[in-house]
Amino acid sequence: MKNFFKSTALLLALSTSFAVQAEDQSINTQISFSGSSTLAPVIAKISTDFIEKHVTWDKVDPTLPNKNITIFVSAGGSGAGVKAVLDKVANFGMLAREIKESEKQKVKDLEAYTLGIDALTIAVNPENQVVKAKNSNLTKDEIIKIFSGEYKKWSDLDKSLPSEDIVVVTRDFGGGAHEVFQTKVMKDVKVTKDVIQAPSMGALVAKIIENKNAIGYASFGVSNQNKGKLTALKVDNIEPSAENIISGKYYISRPLIIMKSGKLSKTEQIFLNDLYSEKGKATIEKMGFIPTAK
């Protein structure tokens with residue numbers, strides 16, 4: 001009889017152990033994000049702060065395993081973020097644009113979360129004489145003529161400006177920023193073939209900073225991070241301010257979204273809560289963007 005009870009106790013202990021191990025294995029202690037180069041630094045900063053504060057998941061929630069918190073963030077463009085979710089190589093896709101209807105149909109059990117609002121500012125080097133000549137303002141029609149290549153020299157825009165080549169800089173045409181710019185500004189007019197396509201928003205801004213004849217659409221957030229190095233122009237006399245972006249008066253805006261296929265896991269929900277926390281919102285704002293309510 002004693003042997004029977006010992007065997008039963010051993011079986012129960014083993015069963016409990018296997019159950020705990022199975023539960024641990026079902027919890028994803030690694031979370032991955034892929035996509036927008038605009039949103040990637042924001043997610044990276046919040047995740048770094050989250051990891052440094054807690055280190056292991058059980059410090060966040062005692063029911064979670066004593067395993068290191070690992071959050072991967074990789075940039076490659078909004079389209080790449082959607083593809084990463086479809087190919088199941090990332091838990092979340094990061095987008096700096098709306099999700100297309102075609103993408104909504106492809107992603108099974110789509111869940112999307114808007115973290116903030118960004119805008120595309122028409123930006124030039126502060127040394128560019130267009131700032132003074134045009135009173136820091138361009139009309140939509142002038143922007144189209146510049147980016148299409150109809151205006152090739154600054155003197156084509158205004159005779160008081162030097163007869164120097166306009167250097168047009170955009171994101172690569174597969175990026176979310178360019179899709180927003182094409183849809184909201186250019187419409188059916190194509191961007192000039194002489195354009196410089198930057199691989200990231202940071203690279204685009206760097207081109208404008210280093211060339212006084214360059215013009216491009218810089219993210220509102222990244223523009224704020226480089227105050228003094230860029231001049232964001234008004235569009236049709238509407239300043240790209242947070243107030244005007246929120247109200248819709250400044251129309252070249254875009255959402256900052258993370259998306260996934262299926263329901264959130266426990267660890268994903270915890271990190272999402274951190275993104276929407278007051279500290280998370282403060283980080284989004286500190287990095288130049290406009291945080292949204294949950």
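I looked up F147 and F181 to start, and both are buried (under 20% relative accessible area with a 1.4 Å probe, protein chains only; exposed is over 50%, partly exposed in between). This is a predicted model, where local features need pLDDT of at least 70, side-chain atom pairs count only at pLDDT 80 or more, and totals for chains, interfaces and linings use all residues. Residues are numbered from 1 along each chain as its sequence is written, and side-chain values use heavy atoms, with hydrogens and water left out.

Next I went for the rings. I took Phe, Tyr and Trp (its six-membered ring) as paired with centres within 6.5 Å, calling planes under 30 degrees apart stacked, over 60 edge-to-face and the rest tilted. That rule gives 7 aromatic pairs. F147 and F181 have ring centres 4.8 Å apart and planes at 55°, so I put them down as tilted. F147 sits in helix α7 (residues 140-148) and F181 in helix α9 (residues 176-186), so this pair ties together parts 34 residues apart in sequence. Helices here are DSSP runs of H or I, at least four residues, and strands are runs of E, at least two, numbered from the N terminus.

F147 also pairs with Y217: centres 6.3 Å apart, planes at 20°, so stacked. Y217 is buried too.

Then I moved to β3 (residues 92-95). F92 and M94 on one side and G93 and L95 on the other are all buried. I found 3 bridges joining β3 to strand β10 (residues 253-261), antiparallel; pairing takes at least two DSSP bridges. G93 stands opposite M259 in β10.
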